[in-house]
Amino acid sequence: MSGLESTKTPSARRRDGPAAEVGDDGNVVVVNPTWDSRFDMGNMRLFATFDGEGSLTRCMICDGFDAPTWRMHVRVDGVPLSFGRAVGIGRLWELDGEASSTRVTLLSFLDEGSAAAHQRISIRNDSARPVSALIRLEFSAGYKRSFFEELRNRYARWAARLPGTAGWWAVSGAKISLPFAAKRLAATENGGVRTKGKYVFSWSADSVCEGAPGSLYREFPVHLESGTSAELNWAMCMGSEQEAFRRAGNAGPAMESAREYASWLGACYGGEDVLQKSVFIAGLNAAVSMFKEFPLGFAGLVAGPDYAYPPRLYFRDGYWTAQILLRFRPDLVKRHLLSLARGVHADGQCPSGVFAPHLLSGHAGADVESLDWLPDHYDSPSFFVLLVEEYVAATRDPSFLDETVSTWEGKDAKGHFATVWALARKAADYLIKKDSDGDGLIEKPYAANDWADNVRRSVWVAYDQVLYAAALLAAEKLARARGEAAAAERYRTHADLARSALNETLWDDELGHFVDYRRPGFAERHFHIDSLIALRYRLVDSDKIDRLLAAAKRMQTRENTNQPYGDWGVMCAYPYYGQAGDLFSKSALPLCYHNGADWPYWDGVYALILRERGDPDWRYAAMRWWEYSLSRGWLTPVEYYSPPYEPGGMLQGWSSMPALACAEKQRS
């Protein structure tokens, strides 16, 4: 992600929690969980985070706002109960505790597609005497924007309605016109809680609860005779109190949905290795959790909870997140591509991501550029072409290319909407034009506009060059399948030239790997893990492959004794960047972000390459990051990390890539 992305959702700083371990079913298990044992989950309408005390610490509705949250306290005979065990998998988080021979089980869960969060608490008295328990929920309105964020949001709303503002609005990154979050909560006469304002959220339980008039807490006193038990359900949803009450009283289907989903995750693996299964389940769940359905028919793969506001779909993140879904849920990839295609410009240029259009409906100047989230990213056109070809290949459905896309530009000169194939061709042709002198190398401007978006890499970047060549080969396959021989030959000619230029100009024979980037008078000669995609797309000359893999091996921290933190994963770059003026924000710090951190999605790419070659190091690349994460109490796939710094976001979509390497059957 990007330091440019100033609207990254500010989550609570995530310190290390109690270490977790892998359960027999591939789930994550925490003994003696605490408030900082946080399990993130998602369905088609929301992201939710529950902690080790049973609290809902965050609930984000994908339309663009936060729902109310609550803190939970449980007492048994007046003594606070701490849960002794937590188990998380998919959309299910289970806490178990015991006090005074009284067993308390709390289940937090989501169904597949509702903007609703559920909890069920069960209390059983196994003692020989009566027991009294008290469950207390303390409500708050959820995440509150700072004064500056709220002012900026109001300004963006005003500016977006002025004629002729779309261009500067998109380029400036001021596009933060989110629905206003609920600021006020109110207790209802029926014992529920609801928000005030345009967007209504409601909480209700299926049992009578207590609370002082007007207070924002609810208590459930429970008296249990020896050998008896009680069960309570409650739900928070987008909608009326009656809807919340209905969901609380009919929680069975939502619970069954969560359990069926957990079973499906496990069944998709089918192997015996428990650690490998856990990586697989965590990754596949992360990928599926990214799929969101927005208003106006827009749907697709977001990047993660920390990048959910404003709602947008990324070309880059979505490509890597889609890799495992192509095998297990290609239907989600199809819908993602049809929405993402709306961000392809008339000249084939593509932004980093595509803004969810429901927040722009009715705005002045609502053309295709209005959908840009950070315009003109150099890797985005390549990722679009590649994913279109990979979807067609995976599903054997060439008719997808003729699907029409309703863009802000409307119909073409012949009265037709653009097709997926027409947009893919635009993207491929745009890339060819970036080779201004015809030498096979595309020239990238001095800007942070590819995945390493805290680094101004230019002019010839190995990563972008590889994607360029791979995208043209993908376009050639599609053109040949459609009988467009002339177009296919054109793409093949440019692809061959691009491959030759990559291996001749960006290969450093002294070091035995590709340079990161080169421009007249300077080359960043360190090894960067993103150059491994040259192996993924089979673009490396055969005499260079072994040397490139040897250079990659030195990125394993167990092999790199020059870094002081021991064995913690695979570094993305080493030595650190040498041109300080090319860096900014987090990547300016050695070992941070693009400057040496471990990115699990790159670990997955690396692991796939090694596994296809029969190299046992694939297990280290695919799983070491997960072992390290669990040792720090990070319970879902992390965006990036390195020992000296705070980790990136949890439940990150593209961090599903190691799961693909861990899938039981590999592609030949």
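Helix 6 and helix 8 are roughly parallel to each other, and therefore I start with them; roughly parallel here means an angle under 35 degrees, while over 145 counts as roughly antiparallel, 65 to 115 as roughly perpendicular and the rest as oblique. Before going on, a word on the source: this is a predicted model, in which local features need pLDDT of at least 70 and side-chain atom pairs count only at pLDDT 80 or more, while totals for chains, interfaces and linings use all residues. Residues are numbered from 1 along each chain as its sequence is written, and side-chain values use heavy atoms, with hydrogens and water left out.

Back to the pair. Helix 6 covers residues 315-328 and helix 8 covers residues 380-395; helices are DSSP runs of H or I with at least four residues, strands are runs of E with at least two, and both are numbered from the N terminus. The angle between these two helices is about 15°, and their axes are 9 Å apart. Axes are lines fitted to C-alpha atoms, for helices over the stretch in contact, and angles run from 0 to 180 degrees between N-to-C directions.

Which residues meet? In helix 6 they include Phe-315, Tyr-319 and Trp-320, and in helix 8 they include Phe-383, Phe-384 and Tyr-391, where contact means heavy atoms within 4.5 Å. The residues of this contact divide into 11 nonpolar, three polar and two charged. Nonpolar means Ala, Val, Leu, Ile, Met, Phe, Trp, Tyr, Cys and Pro; charged means Asp, Glu, Lys and Arg; the others, Gly among them, are polar.

Next, helix 4, residues 252-269, packs with helix 5 at an angle of about 125°, with the axes 9 Å apart. Helix 4 and helix 5 are therefore oblique to each other. Among the residues that meet are Trp-264 and Leu-265 in helix 4, and Phe-280 and Ile-281 in helix 5. This contact divides into nine nonpolar, four polar and one charged.

A search of the whole structure finds six of 30 Å³ or more. A cavity is a set of points on a 1 Å grid over the protein atoms alone where a 1.4 Å probe fits but cannot get out, and lining residues have an atom within 4 Å of a point. Of its 15 lining residues, the closest to the centre are Phe-39, Gly-88, Ile-89, Ala-282 and Leu-635. Helix 5 gives the largest share of this lining, four residues. The lining has eight nonpolar, seven polar and no charged residues.

Key:
On a 1 Å grid over the protein atoms alone, a cavity is a set of points where a 1.4 Å probe fits but cannot get out, and a pocket is an open set with protein on both sides within 12 Å along at least five of seven lines; lining residues have an atom within 4 Å of a point. Grid points are joined across faces, edges and corners, and a volume is the space filled by probe spheres set on the points.
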